[in-house]
Every structure is written in structure tokens, then in C-alpha cells.
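I opened this model to see how its chain is put together. These are my notes, in the order I made them.

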Amino acid sequence: AVDELLAEGRRRILLNLSEVSFVDSAGVGELVAGLKTARRFQAELKLLNVGERVYSTLDMARLLPTFEIYNDEAEAVRSYAS
């Protein structure tokens, strides 16, 4: 999905993970790959509505500082303006 959005010229990507209850190492790898790709295209990728289990997985992988994570969509959208 990130690759498609970047191909369309999108540079501000907000991934809503509200429907994601669990990520395994492959899922974490996809999130990291998406972030790296976004950065390569000078785009921003941020996460929205990260559930407790996903948050815990990112924490255990020591990736929390790598991602900007928001619980409020309006706040996340406003963060792109700054």
C-alpha cells in the first residue's frame, strides 16, 4: 500500500492500524520497509490507532522511537503541517 501511495505522488502517509490486532516479525519488517521507502522518497509515514499488542511488539523490537504514533487522527493530520 505504501509503494502504491508513493507511486501516486503521495508524500504524507498515515497508516491507520485500528483493524490490526497483532503483528509478527514479517509485519514489523513491512512497517520498517515502508518507512524506509517513504524516507527515500522524502515522504512521511506515520502510524495511527496502534493497538496495545502492536505497540508492545514495536516496543520489544525497540522501534517505538522510529515511528511517529498517534491516537487522534486530527492531531496526526495537523502534525504534517509543522
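The entries below go from the whole chain to single residues.

**Entry 1: the whole chain**

I noted before anything else that this is a predicted model. I then looked up the secondary structure. The protein chain has four helices and three strands. I read the elements from the N terminus on, and they run α-β-α-β-α-β-α. I checked the radius of gyration next. For the protein chain it is 12 Å, close to the 12 Å that the globule rule gives for 82 residues, so the chain is as compact as a globular protein of that length. The C-alpha trace spans about 30 × 25 × 20 Å along its principal axes.

I looked up burial and surface. Of the 82 residues in the protein chain, 34% are buried. The chain exposes about 5500 Å², and carbon and sulfur atoms supply 48% of that area. I also looked at sequence separation. Among contacts between residues at least 6 apart in sequence, 66% join residues at least 24 apart.

**Entry 2: the sheet**

In what order do the three strands lie in the sheet? I found an open sheet with the order β1-β2-β3 and parallel pairing. The edge strands are β1, residues 12–16, and β3, residues 69–70, and each pairs on one side only.

I counted bridges for each pair. β1 and β2 pair in the parallel sense over five bridges. β2, residues 44–48, is joined to β3 by two bridges, and this pair also runs parallel.

I then went through individual partners. R12 has E44 in β2 as its bridge partner. N16 stands opposite L48 in β2. L48 turns up again on the β3 side, where its bridge partner is Y70.

Which residues of β1 point to one face and are buried? They are I13 and L15. For β2 I looked at the strand as a unit. Four of its five residues are buried, so β2 is largely enclosed by the rest of the structure.

**Entry 3: the core**

I looked up the largest nonpolar core. It has 19 residues. Those with the most contacts inside it are L15, L45, L47, L58 and F67. I asked which elements supply it. At least two residues each come from α1 (2–7), β1, α2 (25–40), β2 and α3 (52–60). The largest share, four residues, comes from α2.

Which residues does F67 touch, not counting residues up to four places away in sequence? I listed L31, V32, L35, L45, L47 and L58. L45, L47 and L58 are also among the core residues with the most contacts.

**Entry 4: helix α3**

Which residues of α3 are buried? I found V54, T57 and L58. They cover an arc of only 95 degrees around the axis, which puts them on the same side of α3.

I then turned to the opposite face. Turned away from the buried side, α3 carries the exposed residues E52, R53 and M60. What covers the buried residues of α3 includes α2, β2 and β3.

T57 got its own check. Is T57 buried or exposed? Its relative accessibility is 16%, and the cut-off for buried is under 20%, so T57 counts as buried. Leaving aside neighbours within four places in sequence, T57 is in contact with V23 and V28.

**Entry 5: after α3**

I moved on to R62. This residue lies in the loop between α3 and β3. Just after α3, R62 takes a positive phi of about 60 degrees. At 73% relative accessibility, R62 counts as exposed. The C-alpha atoms of R62 and S79 are separated by 23 Å, with the two residues 17 apart along the chain.

Note on methods. Residues are numbered from 1 along each chain as its sequence is written. This is a predicted model: local features need pLDDT of at least 70, side-chain atom pairs count only at pLDDT 80 or more; totals for chains, interfaces and linings use all residues. Side-chain values use heavy atoms; hydrogens and water are left out. Two strands pair if DSSP finds at least two bridges between them. A nonpolar core is a set of buried Ala, Val, Leu, Ile, Met, Phe, Trp, Tyr and Cys residues joined through side-chain atoms within 4.5 Å. Buried means under 20% relative accessible area, exposed over 50%, partly exposed in between (1.4 Å probe, protein chains only). Contact means heavy atoms within 4.5 Å. The radius of gyration is taken over C-alpha atoms; the globule rule is 2.2 Å times the number of residues to the power 0.38. Accessible areas come from the Shrake-Rupley method with a 1.4 Å probe; for residues, only the protein chains shown count as cover. The arc is that of the directions from the helix axis to the C-beta atoms.
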